[in-house]
Structure formats: C-alpha cells, structure tokens
Amino acid sequence: MHDMSAQAVQHHAPPTSFIGKHVFSLDHKVIGKQYYALALVAVVIGMVLSWLMRIHLAWPSAKIPLLHYLSANGAAGNVMTPEYYLQLMTMHGTIMVFFVLTTAPFAAFGNYFLPIQVGAEDMPFPHFNMMSFWVTFVSFLVMIASFFVGDGPTLGGWTQYAPLSAIGPASGPGQGMGVVLWASSIAIFCVGQLLGSLNFITTTLDMRTRGMSLWRLPLTAWAWFITSVMGLTAFAVLMPACILLILDHVAGTSFFVASNLVISDQVQPHSGGSTLLWQHLFWFFGHPEVYIAIVPGMGIVSHVLITNMRRPLLSHRVMVYSMGALAVLSYMVYGHHMFVSGMNPFSSLAFSFPTLIITIPSTIVVLIWLGSLYGSKLRINSASLFSLGFISMFISGGVSGFFLAQPSIDIMLHATYFVVGHFHLVMAVAAIFGIFAGTYFWFPKMTGRMMNETLGKIHFWLSFVGAYCIFMPFHYLGLAGNVRRYQAFVDDYLQPLLPVHKFITVAALVTGAAQLVFLYNLVYSRFRGERAADNPWQATSLEWSTPTTPPPFDNFGGQHPVVYHDPYQFGIEASSGDYVMQNSPEEIHTVRDEE
Amino acid sequence: MAAKGRTMGRIFAVTILVIAIGSAIPILRHTWWMPQDISTHGAPIDEQMSETMAEAGICFLASQILLAAFIWKFSNPKPDSKIKTFPGGASGLVIAAFLLVGTEVLALGAFGAKAWAKIYFTPAAANALPVQAQAGQFAFYFRYPGPDGKFGPIHPDMVSEANQNFYGIDINNDQDAKDDIVTAEMAIPVNREVNLLMHSKDVGHSFFVPELRVQQDFVPGLDVAIHFTATKIGRYEIVCTQLCGLGHYNMKAYLSVMSQQDYDDWLKKEAALQ
C-alpha cells in the first residue's frame, strides 16, 4: 500500500559520476542489468565447459585445441585427464545453478522490474541492493579463481558430498584449496542472495503504490516474491553448511567426516562427524533451489503469454496459490535426493509422498496455461515462442519426476543420466527458455530498442529442437543404467550406448553454437535495433507506463502511479484497444477470475 | 504478418507432435531399457517402472498434444475472432488435476511403497549368506567370514595396500579373523539369500548391479546392510555410482552368480590364496 515513510527510504538522488551511475549504482535497474551481464558471462563459461565435457565423453582421446592453456596438468597435450573432466563438470554445474539460473531470472529481471511493477521509485534498501550484486560478483571471482590456484577446482560435483569434500587434499586433486574456494564462494553468494531476498520481500510488501493491492500484482511480481521467501530460507541454511565445510578444512573440525577413514593407508585425523549431515543440509537448500530457478520462469512465462494471448489466465489466483504451494512443498521433498543414501528407509517413504504430491500444483500450473491458450488470440513472436517452449520442456522434464519420486524405481535410476535429463529439461532448459522469453519481451523497455525478430525465431528453432536432441536421449541412457559423472565409459554394459553419447555431443555443439545468434542479436539490437515504443506489446502492467523508455532514474518521473485495475485486463473493449493499463483511470467492464 | 504467424504456429505445433511421438517410440520399443532382472525382489520394481512409464507417458503425450493442438488452432486467428473460455474453466482443471493426477500419483506411491517395503522392511533370513563389501578409492573388496561364520574386527590403522591387507584385519591376534577370506571379485550361490554388509574405507561410494535391481550407497562411518537373492547364474558388473574421486568411472568389480557346487569350490580356492 502507499506508504510515505517507505517511499522516503527508497528516495535517493540520481548519481552524477560515472562510477555512481554504472559501477556502484544504487539504481535497481542498473543493478538488474549488472546481474544480467554477470549471468551472461557465467552462461558462456558454463556452456563452453559443457562443450569440453561432451567432446571428451564422445571422443576421450580427442585433443581440444588450446585446452592446456587452461590447465597445464589437467590437459597436458590438450587431452583432458580424468580428474580434470570432473573438475570442469563441477564448475559447469556450480556456475550454471548459482550464477545463471539463480541470478538471471530472479536477481536480474526481478531487480529491474519488480520495483517498477509495484509502482515504486526503487527498492527500500538501495545500498543493500548494490551490495548484493557486488558480493555476488566477488563470489563469482572466487569461484573462477579456483581454476588458477593449486591443483585446480574441486572435482566433487556441484553437490560437494562429504566426506569427499571435507577430508582435504588427500582425497584427490582440487580437494584442498579447490573446495575451500568453492565453499567460500558459495557462502559469499548466499550473503548476496539474502540481501537481495530481503529487498525483494520488502519491496513487494511495503513499496506498492496506491491501488496496487496484492492481488493486483502481476504474476512476475508474485513469482519473484515467492522466490525471495524461498531464497531467504534456503540460502540461510546453505551458508552455515558451507562455513562448517570450510572449518573442516582449515580449523581441524570434523562436522562432515566420520572417524577411522583411511586414505592411502593413512587414518585420517578426523572423528565423530556425519556423512549424511551434509546431504541433509545441502538438499534442504538444494531442492528449494530448483524452484528458486524455475518459479521466476513460471511468472515470466505467464506474464509474456498473457500479453501475447490477449487474455488473462483462466485464474490468476490459482496460479499464485500453485506457485506458493510449490514453494512450501519444496522444503518437504528434499529427501528424494537421498533415497539410496543410507538414510533410514522409512524416511525415503516419508519423502516420497510429498514429492508425488508436488506434481499436483505443477499439473495445475500446466493445465492453467493450456486452458488459457484455448480460445486465445495467440501472437507468435520470439518471446511467446520461448514461453510455449518453456511449457513443453516443463512438461517433458516434469513427467520424469513421477519416476524419481518413487524410491523403488530410484534404485534403478538414481545417479544415472535419467536424473541428468530430468533436471536439465525441467530446471535448466526450461529456466533458460524463461530467461530468453523475458529478454525478448523486456529488451525494448530495458534498452529502448527492439530485438530482431527473424534472428529471435532462428534462435528459438535451433534451441528448441536442439535441447530435445540433447536431453531426451539422456533418459534412454539412464534407463539402460548409464551412470552419471563418469569421465569415460569403460564398463562392458555401457559400450552399446556410446553412439548415443556421440549423437548428444553433436547436438550440444550445434545447439550451443546457435546461442551465438542470440548474443549477436543482443549486441546488434542494443545499438542498431529499431527504436522501441513505450508499450510495444500493448501490455498492461506498470513497467510499460513509464514516461520514457528506458524508464527514467526514478521510474515514473517524480510521479507515483495510481493503480485502478487488476493486472491483466485483456480481451476487453477499451479506448486503447483490447486492453487497459493498470494505471488507466478509464472505467471498463473488467475481466474477473472465472473461478 | 498474421498469416505468417499462423503458419509458424502450425509448424511449431507439428514440431511438438513429432518430438513427442518420436521421443515415445524408443520407450515403447524398449530400444534402451533396463537389463533383464535376476533377483527375487526385482519383479515389483520392474512392474512399478512399467506402470509409471505408462502413466507418465500418457500425461506427457496428452499434454504435448493439447499444447500442439491449441497452438495450431489459436495462433494469430482472424482479428474479429472472440476470446473463448475453456469449458469448465479453472475450477474444472483444478478438480481434474486433483482427481486424475492426484489419485494417479498417490496410487503409484502406494504400490511403489509396497515394492520398497519388500526390500527394505523385511530383515534378511537367519540363514542368509553374510558377505562384507568394502568400497575404497577406487576398488571394491569382499570378505567372507569363513567356517566360523564370524568376521574379524577391522583395524583402520592396519589397512595396507602394500601388505594387501585391504580390510585392516589382524589374522595373528583376532580369532575371528583367522579364517576370513578377502577377494576382489564377489561370488554368490544362485537362489541363496545374501546379506551384504557395506563398509566404506574412505569416502562415499555406491554398489550398483543393474541386473540385480540393487543400488545402495556406502556411508563412511555407518555400515549399512542390504539383502537379495540372485536367480540366474552369470557374471555381472558391480559399478560405483557415488562420485568418489578421479578414478570413479573405473571403480568396478564383478559379481559371479554360481551354482552351489561352483561357489563352494571357488571359496575353497580363494581360502587357499589367503
């Protein structure tokens, strides 16, 4: 609600210096773009790492040009060693999950658009906001530094299971300094996320302009709000877990290392820690993290699709409740990552049922999208194509969850490529499609220029078909028992699967290369794109009502917008056409939920 | 513009259909599938897998087909067309989600729980053959208790690769250890229940034999036990599925399922080698 004291907190004068404007900016829009830029750098690194892994898996003795520059030991003669494969794999997962899937849909777009969508001048704590980005940036540098320190990054996977991660250098290359840098980077990252979440929550609750009731928030704002509540609780657990892991390395503690472990005939100087403790702490964060990556995408896809379908969803509230239910359930299901971990088998059953139940809100979300598509006036453009692609990927990745929710089937599929296919489709590809949809949709507002539609569609087609070619076969490999995190497939029973791996590698290289079309479009359009109108998509929410495009420093030119309507008044007859903007005082026959 | 959008919408719809049906074909034909089950407990797992595949497959195909159909039908319609509402509206869909998917997954969960309980909630038979598996970077070793039926205690400080004392047992001082038989390959008699005691020497590992429908992690500091009965004579691969370090991909052993006679002979031979 409109609250003058809150407005006073966010108010700050526009910067005058270059550094104040572009580097240490307090402006949520600049911070949003900084997060986007960071995610872009991270995704390029993450993707190149996946190329290196895929080439090595398909052709293990292949010489990869220039690779020895990255690591003289890890890639002597440009051929990857087994440990270097694992180190690159760990960095691929870590960089993608933390610095791409968490930063882009949530921190980048959320920072830029949440304050504008609620009608605020900025977030309530601009200094915290600035800090949240720069802390994240430092965390990224620490993570990248591990490539160049000692014997390279840790090889323990993005999940860093103890005691492999906690024993120290004895357990393998990168397991000393590499792990310490990894855990430090993630702990620092958590600080950034906590500061960001705090701002998102207070922005949503306290900074809404006059007339912007909670139910009038666009679905993106709801998604970011729900995500920030998850972020606040999940990262608050991961941070201490990482600190304990660092202590096991530097302070001689044994939080995660049991007694009497023997490596190279030496009894390790640890005692009394718990192997499973790390897994519980990690997945208590790790499963909500999946939804931290995907719920903003659900919001973005809904927002983009509604505008392009020219109709509101069948039910705004059911969508909000479903995203909320996903968030609550996400904490109760984490044990499905641990069915065969050695925890009490009764716990496996206890975690199995919430995991199965989470399919209900997920199904509702999909059905609401599908039901809303029915009878709509769907516009086909790059943004709507990626949104529809998101739905297709979310369905494909979602149904494999039916299997992994059941401990009895997990016996066969745990730690196989089936899991890799599942989470890449449902979380990685879907979330990235959400980022693309958001980019094509909001780019005009963020830069004042349109992106090239032809290039956008080429990008979509190559990405959509390519992503299926890569990740669908992963499920087949998993069914045949192909274990993940192997740098080569030496087992007899895996030999018939090698051609499938070669196919996937080719698909990954082509699909990855197709992303260059996007990068080109992004850079070209930034400088040469057609000038964008203030509201090029005839959308309704407040970000399209700013006095200039891109929005001025204080978003609304010294005014506080007043909101008169629910967020998605499409498919009506108004003076502006088939829609009315939230801040238009025009009286219309409004479209209500059809519950 | 509208006509172009309509054409692209239709191509998109067809692409979704082709991908959905194309993805289902290898599943229906079992082009890549689980190996043949050789265990007594595996049948409910396989049944559960097939049931789940059928139900997940129907959900997958139905949703993708609906998505494709609606994109086909509703992309860039004529400007004067009216917005229509899905019959039944949101409440119909929510009820459908609860009734169809909700009951479906809970039914799957209930049957799956039975399959899980059969494996994990029944203790091993009293006469089950005890075998101890030890996982360490990057090899499995197996231990048989010998005629006394007892395993000697493990002394971590006595573990020595050089002396081939992989388990750290003290055959000179521990009575129970004197007749223990340590092997690099696991052999078991066919149709005899095995009680596998799992011990990790260093970090997390896992014991996965796809044919046997067994996958269980080794937990450092916490010995766990699983039991199973193999029903088919043959030689199968045991692989590690828990990332354990640089040699993880190469950490494997063989499981030989033998006739009782062959097993007895094998054990005698191994005992002589100790």
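Predicted model: local features only at pLDDT ≥ 70, side-chain atom pairs only at ≥ 80, totals over all residues.
Confidence in chain A comes first. The mean pLDDT of chain A is 95, and 97% of its residues reach 70 or more. Helix α17 of chain A, residues 453-479, has the highest confidence, at 98. Helix α1 of chain A, residues 4-10, has the lowest, at a mean of 51. Over residues 1-6 of chain A the pLDDT falls below 50. Beyond near neighbours in sequence, that stretch has eight contacts in the model.

The largest nonpolar core holds 279 residues. Those that touch the most other members are Ala39(A), Val295(A), Met323(A), Ile368(A), Met427(A), Ala430(A) and Ala437(A). Helix α5 of chain A, residues 82-118, gives the most to this core, with 23 residues. Beyond four places in sequence, Val295(A) is in contact with Ala223(A), Ile226(A), Thr227(A), Met323(A), Leu326(A) and Ala327(A).

The two chains meet through 91 residues from chain A and 93 residues from chain B. On the chain A side, helix α12, residues 359-373, gives the most, with ten residues. By class, this side has 55 nonpolar, 25 polar and eleven charged residues.

Helix α6 of chain A spans residues 126-145 and has 20 residues. From first C-alpha to last, α6(A) reaches 29 Å, close to the 28 Å expected at 1.5 Å a residue. Its buried residues include Pro126(A), Asn129(A), Met130(A), Phe133(A), Phe140(A) and Met143(A). Ser132(A), Thr136(A) and Ser139(A) are also buried in α6(A). Helix α4 of chain B, residues 260-273, has 14 residues. Its reach is 20 Å, close to the 20 Å expected. Of the 14 residues of α4(B), the number buried is zero, so this helix lies largely in the open.

In chain A, strand β3 (residues 569-574) and strand β4 (residues 577-580) pair in the antiparallel sense over three bridges. Phe570(A) stands opposite Tyr579(A) in β4(A). A hairpin of two residues joins β3(A) to β4(A). In chain B, strand β6 pairs with strand β7 (residues 214-218) in the antiparallel sense over five bridges. The bridge partner of His205(B) is Phe218(B) in β7(B). Four residues lie between β6(B) and β7(B) in this hairpin. In the turn, Arg213(B) has a positive phi of about 60°.

Strand β6 of chain B, residues 205-209, is largely enclosed by the rest of the structure, because five of its five residues are buried. In a regular strand the side chains alternate between the two faces of the sheet. In β6(B), His205(B), Phe207(B) and Val209(B) point one way, and Ser206(B) and Phe208(B) the other way.

Asp37(B) lies in the loop between α1 and α2 of chain B. It counts as partly exposed because it has 18 C-beta neighbours inside 10 Å, where burial needs 20 or more. Beyond four places in sequence, Asp37(B) is in contact with Gly42(B), Ala43(B), Asp46(B), Glu211(B) and Arg213(B). The C-alpha atoms of Asp37(B) and Thr231(B) are separated by 8.8 Å, although these residues lie 194 residues apart along the chain.

Leu413(A) belongs to helix α15 of chain A, residues 407-413. With 23 C-beta neighbours inside 10 Å, Leu413(A) counts as buried. Its contacts beyond four places in sequence are Phe403(A), Leu404(A), Phe418(A), Val419(A) and Gly478(A). The C-alpha atoms of Leu413(A) and Ser315(A), 98 residues apart along the chain, are separated by 36 Å.

Most residues other than glycine have a negative phi, and most peptide bonds are trans. The bond from Thr549(A) to Pro550(A) is cis, with omega near -5°. Pro550(A) lies in the loop between α18 and β3 of chain A. The bond from Gln137(B) to Phe138(B) is also cis, with omega near -5°. Phe138(B) is found in the loop between β1 and β2 of chain B.

Positive phi values occur at Asn260(A), about 65°, and at Arg310(A), about 60°. Asn260(A) sits in the loop between α8 and β1 of chain A. With 17 C-beta neighbours inside 10 Å, Asn260(A) counts as partly exposed. Arg310(A) sits in the loop between α9 and α10 of chain A. Arg310(A) is buried, with 20 other C-beta atoms within 10 Å.

Methods: Residues numbered from 1 in each chain as written. Chains lettered and ligands numbered in written order. pLDDT = per-residue confidence, 0-100. Contact = placed C-beta atoms within 7 Å. Pairing = 2+ DSSP bridges. Expected span 1.5 Å × (residues − 1). Buried ≥ 20, exposed ≤ 12 C-beta atoms within 10 Å, placed from the backbone. Core = buried A, V, L, I, M, F, W, Y, C linked by C-beta atoms within 7 Å. Nonpolar A, V, L, I, M, F, W, Y, C, P; charged D, E, K, R; others polar.
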